[in-house]
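Please look over the sequence and the model before reading on. The briefing that follows starts with the terms it needs and then moves through the structure topic by topic.

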Amino acid sequence: MGKSSTKPTMMRFEPKSGWSDAGGQVISINEHLKSEDKLEHKLKIDSEPLSAEALVNLGESMQDVFDSLKINDPRLQAWTQVHAAIRLIGGKIQEQKTLRARIDALDSEIEGVRSLASELVSNAYRGEQEVHETSKLRMQIAESLHDKLVSTLKG
């Protein structure tokens, strides 16, 4: 059996494929971005924001890499702070998604209440019309009775 090396190996993070050995083939970005179309396509891909979970995972992976190096240098605490900031950003992005979902739910509720209010106003208006029509009918009956009773009582 072969001996496994206890020597740390350098790793690199590829956004699309994850962690890989640093000894693999190195691809020059300049070779692949010779045309404007490819550059525009790359800019569109790079401008897509990472999800909150992907961002937190990236921060944790980065922290794991620096923690595994076991170098006792106080300046490396900066990476811990970077990891904490990335975790905070991930939490804020998740909070933003939750708030947007709540705003969408509130918009739906507002629309429902608007429809209900509109229906209630229409019903109240129809009720007033019925009261007015009934009142007009009562007035006509009272006028007719008045004319007949007054002429009968005078006569």
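Predicted model: local features only at pLDDT ≥ 70, side-chain atom pairs only at ≥ 80, totals over all residues.

A helix here is a DSSP run of type H or I that covers at least four residues, and helices are numbered from the N terminus.

**Overall make-up and confidence**

- The secondary structure of the protein chain consists of 4 helices and 2 strands, and along the sequence these elements follow the order β-β-α-α-α-α.
- Of the 155 residues in the protein chain, 6% are buried.
- When contacts between residues at least 6 apart in sequence are considered, 41% of them join residues that are at least 24 apart.
- The mean pLDDT of the protein chain is 78, and 68% of the residues reach a value of 70 or more.
- Among the elements of the chain, the lowest mean pLDDT, 47, belongs to helix 1 (residues 29-32), while the highest, 93, belongs to helix 4.
- Over residues 28-33 the pLDDT falls below 50, and in the model this stretch has 5 contacts beyond near neighbours in sequence.

**How helix 3 meets helix 4**

- Helix 3, which covers residues 52-68, packs with helix 4, which covers residues 77-154, at an angle of about 170 degrees, and their axes are 8 Å apart.
- Because angles over 145 degrees count as roughly antiparallel, helix 3 is described as roughly antiparallel to helix 4.
- On the side of helix 3, the residues that make this contact are Ala-52, Leu-55, Val-56, Gly-59, Glu-60, Met-62, Gln-63 and Phe-66.
- On the side of helix 4, the residues taking part include Trp-79, His-83, Ile-86, Arg-87, Gly-90, Ile-93 and Lys-97.

**Salt bridges**

- Side chains of opposite charge can pair when their charged atoms come close.
- The structure holds 3 salt bridges, and one of them joins Glu-60 to Arg-87, with the closest N and O atoms 2.4 Å apart.
- The pair of Glu-60 and Arg-87 links distant parts of the chain, since Glu-60 belongs to helix 3 and Arg-87 to helix 4, and the two are 27 residues apart.
- Glu-60 has a relative accessible area of 28% and is therefore partly exposed, and Arg-87, at 40% relative accessibility, also counts as partly exposed.
- Glu-95 is partly exposed, with a relative accessible area of 41%, and Lys-92 counts as partly exposed at 48% relative accessibility.
- Glu-109 forms a salt bridge with Arg-102, and here the closest N and O atoms are 3.5 Å apart.
- Glu-109 counts as partly exposed at 44% relative accessibility, and Arg-102 counts as partly exposed at 43%.

- His-83 is found in helix 4, and because its relative accessibility is 14%, His-83 counts as buried.
- Leaving out residues up to four places away in sequence, His-83 touches Gly-59, Glu-60, Met-62 and Gln-63.
- Lys-97 also lies in helix 4, and with a relative accessibility of 43% Lys-97 counts as partly exposed.
- Apart from neighbours within four places in sequence, Lys-97 is in contact with Ser-51 and Ala-52.
- Lys-97 and Ala-52 are 45 residues apart in sequence, while their C-alpha atoms are 9.4 Å apart in space.
- Leu-50 sits in the loop between helix 2 (36-46) and helix 3, and Leu-50 is partly exposed, with a relative accessible area of 46%.
- Not counting residues up to four places away in sequence, Leu-50 touches Leu-55 and Leu-58.
- The C-alpha atoms of Leu-50 and Gly-90 are separated by 9.3 Å, although these residues are 40 places apart along the chain.

Methods. Residues numbered from 1 in each chain as written. Heavy atoms only, no water. Axes fitted to C-alpha atoms, helices over the stretch in contact; angles between N-to-C directions. Parallel < 35°, antiparallel > 145°, perpendicular 65-115°, else oblique. Contact = heavy atoms within 4.5 Å. pLDDT = per-residue confidence, 0-100. Salt bridge = Lys/Arg side-chain N within 4 Å of Asp/Glu carboxyl O. Buried < 20%, exposed > 50% of the residue type's maximum accessible area, 1.4 Å probe, protein only.
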